[in-house]
Amino acid sequence: MSSPLKEISFNGLWKNNPALVQLLGLCPLLAVTSTLINGLALGLATTLVLVGSNATVSTVRHWVPGDIRLPVFVIIIAAYVTVIELLMQAFVYELFLTLGIFINLIVTNCAILGRADAFACKNPVLPASMDGLMQGLGFTAVLVVLGAIREVLGQGTLFSQANLLFGDWAQNLTIDLFHLDSQFLVMVLPPGAFIGMGFLIALKNIIDKRIENKRKATEPKRVIERARVAEA
Amino acid sequence: MVMKFTPHSSPHTAGNNDTGKLMRLVVLCTIPGILVQTYFFGWGTLIQLVLAISVALGVEASILKLRQRPISFYLKDNSALLTAVLLGIALPPHLPWWATVIGVTSAIMLGKQLYGGLGFNPFNPAMVGYVVLLIAFPVEMTTWVPVQSISEHQLSFLGSLNMIFTEQVGELTTQSLKQLSISQFDGITAATPLDTVKNDLGNMHSLQESLSSPIFQALAGDLWYVGKGWFWVNLAYLAGGIYLIMRKAITWHIPLSLLATLLIISNMFSLFSEDSYATPIFHLFSGATMLGAFFIATDPVSACTTNKGRIYYGIGIGILLYCIRSWGGYPDAIAFAVLLMNMAAPTIDHYTRPRTYGHRIPTVTKE
């Protein structure tokens, strides 16, 4: 991979992660992540929309007048969301019902419009689609981790209802880690999402700080060389 | 002969108020209430308190270590102790131990230390812990024991210990308790008076019908009733609170405006429809009213700091308290009301800045 694409990937997945750093698209992120599978499904749907919209926006970028670019972008995004929605209705109807309104709300996910305006409309198609993919995967990763944390702490399971996404064979994927008499409702309800999200952001900051400290420690101290001006 | 003269620098009088002493005074003032509560509701109260305090000190110490702060210095400010005491008092006496641990940990960790320790917390830590528990375990948290004198089963000290740590005593388990509490007042547990009145009124019973339950006690006349036991508990906290005001540990503004607001609103509704709203006396002496007014709402960190602001703050809590109790989803509302007003406290303080001597009344500038 050439280095600009590498940088785009690193930005999307870690350094400029839409969920952990830009804090965009928090509404679906907090509302949907009650289980790992829900998070994964919404993340994948968002990623598909992001790749499509970024590629399209980048293709038409020379013909869209600056004054009306945002409505045009929104229409493009809405078209992709409709495609995804219809696809989900066709193939994973149950999952579509579980996620409900949040599939339609992908249109209003500011992470997508943000990428279209900040990156796709200024760059050629290949980097733009790459950016869409990586930002989407970064978003998905956070959704999956948060969903997993909330599912384990809230209900003591992992991969529950995986059959909704992967088909009937996945019914056995569900792992019962421990049995709870009653769900730990705080983690299942929205407050758990906020608390979990806060800890994830804190974790990322800690890791960044560790890396930074290590870099500083290994970096050789710059030796100031004196330039001799005159012969002594 | 040389006279020794050592000049002392100011301040020449040493103040007698440090955080630790103040917090200790507040803790001491809860003791009469705790004793009355133990008398009426059994050993569970004390066990919860001891459990809460030990967990709180442990969590506080370990987080201070993580944050690389001096441990004994911060433990000596007694704030973790006070948080644990206030939370422990508010918990149902037979709450399973793990729930208490979760509540206290969230109170100290999420409510206080994550914001930067004492003085930086926007919310009252004890109430953060309480609300986490109330949302997480609604059934366990609203299952109280009835007053001992009318209870069928009276648990000894060991019985209470068993109940909390192993969740069963003989044939009784917490599961069967849940069943019992759903079918109202049967054995070892009962809904609180506030809960009972709320449910009955919600089910289209009149107040009179609701009051026929043995958990109520008439003070005088038909409508002068209070929850059995709860009346004395509230009275004890009222006494402790008045002593706190006399010692100038808290000012009168928050408790008085809170209680007055509650009195006025409940009186209005009670006069408007005698049969479907509880009386002012019932509201003032039920649940955690007095504990909340004197000990919880007056937390110096999360409450308003100007005197005028404190009055608005108390009024706000009073209104929210009545609204949530009467039309909300939970029987008692001190925790929610206090947390909601904690959020409003900085704004209230901003608009009620007192005039500095020699200055005009500060006009709030638009930013």
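Guide: A crossing of two helices counts as right-handed if the near helix is turned clockwise from the far one by less than a right angle, and as left-handed if it is turned anticlockwise. The model here is predicted. In it, the crossing of α8(A) and α11(A) is right-handed.

Visitor: At what angle do helix α8 and helix α11 of chain A pack?

Guide: Helix α8 (residues 125-155) of chain A packs against helix α11 (residues 190-218) of chain A at about 125°, and their axes are 10 Å apart.

Visitor: Which residues of α8(A) and α11(A) meet?

Guide: From α8(A) come A:V142, A:V145, A:L146, A:I149, A:R150 and A:G154, and they meet A:G192, A:A193, A:G196, A:M197 and A:L200 of α11(A). This contact of α8(A) with α11(A) holds seven nonpolar, three polar and one charged residues.

Visitor: How do you know whether α1(B) and α5(B) are roughly parallel or roughly antiparallel?

Guide: Helix α1 (residues 19-29) of chain B and helix α5 (residues 79-90) of chain B have axes 9 Å apart and pack at an angle of about 20°. Angles under 35 degrees count as roughly parallel, so α1(B) is roughly parallel to α5(B).

Visitor: Is the crossing of α1(B) and α5(B) left-handed or right-handed, and which residues make the contact?

Guide: The crossing of α1(B) and α5(B) is left-handed. On the α1(B) side the contact is made by B:M23, B:V26 and B:V27, and on the α5(B) side by B:S79, B:L81, B:L82 and B:V85. By class, the residues in this contact of α1(B) with α5(B) are six nonpolar, one polar and no charged.

Visitor: Why is B:V338 called buried?

Guide: A residue is buried if 20 or more other C-beta atoms lie within 10 Å of its own. B:V338 has 31 C-beta neighbours inside 10 Å, so B:V338 counts as buried. B:V338 sits in helix α18 (residues 334-351) of chain B.

Visitor: What does B:V338 touch, not counting residues up to four places away in sequence?

Guide: The partners of B:V338 are then B:N124, B:M127, B:G292, B:I296, B:A297 and B:I317.

Visitor: Which residues of the largest nonpolar core touch the most other members?

Guide: The largest nonpolar core has 101 residues, and B:A56, B:L87, B:M127 and B:V338 touch the most other members. A second, separate core of 44 residues includes A:I37, A:A55, A:Y80 and A:L164. In soluble globular proteins, nonpolar side chains tend to be buried together.

Visitor: Why is B:A61 called partly exposed?

Guide: Partly exposed lies in between the limits of 12 or fewer for exposed and 20 or more for buried. B:A61 has 16 C-beta neighbours inside 10 Å, so B:A61 counts as partly exposed. B:A61 lies in helix α3 (residues 44-66) of chain B. Apart from its neighbours within four places in sequence, B:A61 is in contact with B:I71 and B:L75.

Visitor: What is particular about phi of A:L23 and of B:N78?

Guide: Phi is near 50° in A:L23 and near 60° in B:N78. Each is a positive value in a residue other than glycine. Most residues other than glycine have a negative phi.

Visitor: Where are A:L23 and B:N78 found?

Guide: A:L23 lies in the loop between α1 (3-15) and α2 (26-32) of chain A. B:N78 is in the loop between α4 (71-75) and α5 of chain B.

Visitor: How do you know whether A:L23 and B:N78 are buried or partly exposed?

Guide: The cut-off for buried is 20 or more other C-beta atoms within 10 Å, and for exposed 12 or fewer. A:L23 has 14, so A:L23 is partly exposed. B:N78 has 21, so B:N78 is buried.

Visitor: How many residues does the contact take from chain B and from chain A?

Guide: Chain B gives five residues to the contact and chain A gives seven. Helix α7 (residues 125-136) of chain B supplies the largest share of the chain B side, three residues. By class, the side of chain B that touches chain A has five nonpolar, no polar and no charged residues.

Terms used. Residues numbered from 1 in each chain as written. Chains lettered and ligands numbered in written order. Predicted model: local features only at pLDDT ≥ 70, side-chain atom pairs only at ≥ 80, totals over all residues. Axes fitted to C-alpha atoms, helices over the stretch in contact; angles between N-to-C directions. Helix = DSSP H or I, 4+ residues; strand = E, 2+ residues; numbered from the N terminus. Contact = placed C-beta atoms within 7 Å. Nonpolar A, V, L, I, M, F, W, Y, C, P; charged D, E, K, R; others polar. Core = buried A, V, L, I, M, F, W, Y, C linked by C-beta atoms within 7 Å. Parallel < 35°, antiparallel > 145°, perpendicular 65-115°, else oblique.
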